[in-house]
Amino acid sequence: MITQEQANYLLSLPKYIIEGEEILEFKDYSPKFPIADRIYIISKDDDAYSFFVEIQQSRKNQLKLTLHFQEDDTNIGLLRVDYNGRHKNPELESTDLPEMFKPYIGKWIDESHIHYFVEGYNPLVWAIPLYLDEAFSSKSFNGVNDFADVLKSFCNRINVETNFTINVQTKLL
């Protein structure tokens with residue numbers, strides 16, 4: 001397990017998308033919907049760590065979208081955003097649970113929400129409604145036309161420095 005300080009450090013590292021051994025300054029990304037993708041990331045500042053972003057979109061309810069960021073070697077989740085989903089927070093509070101989670105102890109969150117690493121708990125068991133995270137700009141996902149903004153917001157939140165273009169294909173009826 002890692003400490004809260006280590007988790008915060010890993011989130012704050014500037015990161016770049018990699019393909020094979022190549023560190024990308026620019027990425028042209030064209031997802032297929034429903035999305036099931038993994039993007040690998042490293043930091044030039046601390047190459048002892050490697051990361052990935054996993055993007056999952058429900059086949060049954062295409063408004064349900066999850067973006068998950070974790071350290072690759074230890075398989076520890078550091079941040080996750082779930083659009084149009086629900087989550088129940090733990091019932092028990094540790095002495096050093098951050099204040100932002102206290103109103104949500106044991107509560108269901110029935111809207112888009114963001115999960116955080118909290119030391120002393122299993123990774124990503126704590127979440128708050130997404131609208132409360134001021135550092136995350138895309139608060140809703142209403143379909144494929146929102147995807148580019150959602151992914152860019154997530155990448156900004158985890159400090160990805162690679163510039164990218166997102167090409168969204170929509171079907172014409």
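Helices (H or I, at least four residues) and strands (E, at least two) are taken here as DSSP runs, numbered from the N terminus. I am working from a predicted model, in which local features need pLDDT of at least 70, side-chain atom pairs count only at pLDDT 80 or more, and totals for chains, interfaces and linings use all residues. Residues are numbered from 1 along each chain as its sequence is written, and side-chain values use heavy atoms, with hydrogens and water left out.

**Entry 1: the sheet**

I looked up the strand order, counting two strands as paired if DSSP finds at least two bridges between them. Eight strands form an open sheet with antiparallel pairing, in the order S2-S1-S4-S5-S6-S7-S10-S11. Strand S2 (22-23) and strand S11 (126-129) are the edges, and each has a single partner strand, so one side of each is left without a neighbour in the sheet. Helix H1 (residues 4-12) packs on the sheet and touches strand S5 (50-57), strand S6 (65-71) and strand S7 (76-83), contact meaning heavy atoms within 4.5 Å. The direction of H1 makes about 65° with that of S7; axes here are lines fitted to C-alpha atoms, for helices over the stretch in contact, and angles run from 0 to 180 degrees between N-to-C directions.

At the S2 end, I noted that strand S1 (residues 16-19) is joined to S2 by two bridges and that the two run antiparallel. Ile18 stands opposite Ile23 in S2.

**Entry 2: helix H2 and what covers it**

I then turned to H2, which lies across S5, S6, S7 and strand S10 (113-116) and runs at about 25° to S6. Which residues of H2 are buried? I find Phe147, Ala148, Val150, Leu151, Ser153, Phe154 and Cys155 to be buried, where buried means under 20% relative accessible area, exposed over 50%, and partly exposed in between (1.4 Å probe, protein chains only). The cover over the buried residues of H2 includes S3, S5, S6, S7 and S12.

Just after H2, Asn159 takes a positive phi of about 70°. Asn159 lies in the loop between H2 and strand S12 (163-166), and it counts as partly exposed at 24% relative accessibility.

**Entry 3: strand S12 and its partner**

The bridge partner of Lys27 in S12 is Phe164.

**Entry 4: the cavity**

Grid points are joined across faces, edges and corners, and a volume is the space filled by probe spheres set on the points. The search of the whole structure finds one cavity of 30 Å³ or more, and the largest cavity holds about 30 Å³ of space. Its lining is made by Ile17, Lys27, Tyr29, Ile39, Leu151, Cys155 and Phe164. Strand S3 (26-29) and helix H2 (147-157) are the elements that give two or more residues to this lining. By class, the lining has six nonpolar residues, no polar and one charged, with Ala, Val, Leu, Ile, Met, Phe, Trp, Tyr, Cys and Pro counted as nonpolar, Asp, Glu, Lys and Arg as charged, and the others, Gly among them, as polar.

**Entry 5: Ile55**

Is Ile55 buried or exposed? Ile55, found in strand S5, counts as buried at 0% relative accessibility. Ile55 and Ala36 are 19 residues apart in sequence and 5.6 Å apart in space, C-alpha to C-alpha. Leaving aside neighbours within four places in sequence, the contacts of Ile55 include Tyr29, Ile39, Phe147 and Leu151.

**Entry 6: backbone exceptions**

Most residues other than glycine have a negative phi, and most peptide bonds are trans. Pro34 is found in the loop between S3 and strand S4 (36-42). Leu124, which is not a glycine, has a positive phi of about 65°. Leu124 sits in the loop between S10 and S11 and is buried, with a relative accessible area of 4%.

Definitions and conventions
On a 1 Å grid over the protein atoms alone, a cavity is a set of points where a 1.4 Å probe fits but cannot get out, and a pocket is an open set with protein on both sides within 12 Å along at least five of seven lines; lining residues have an atom within 4 Å of a point.
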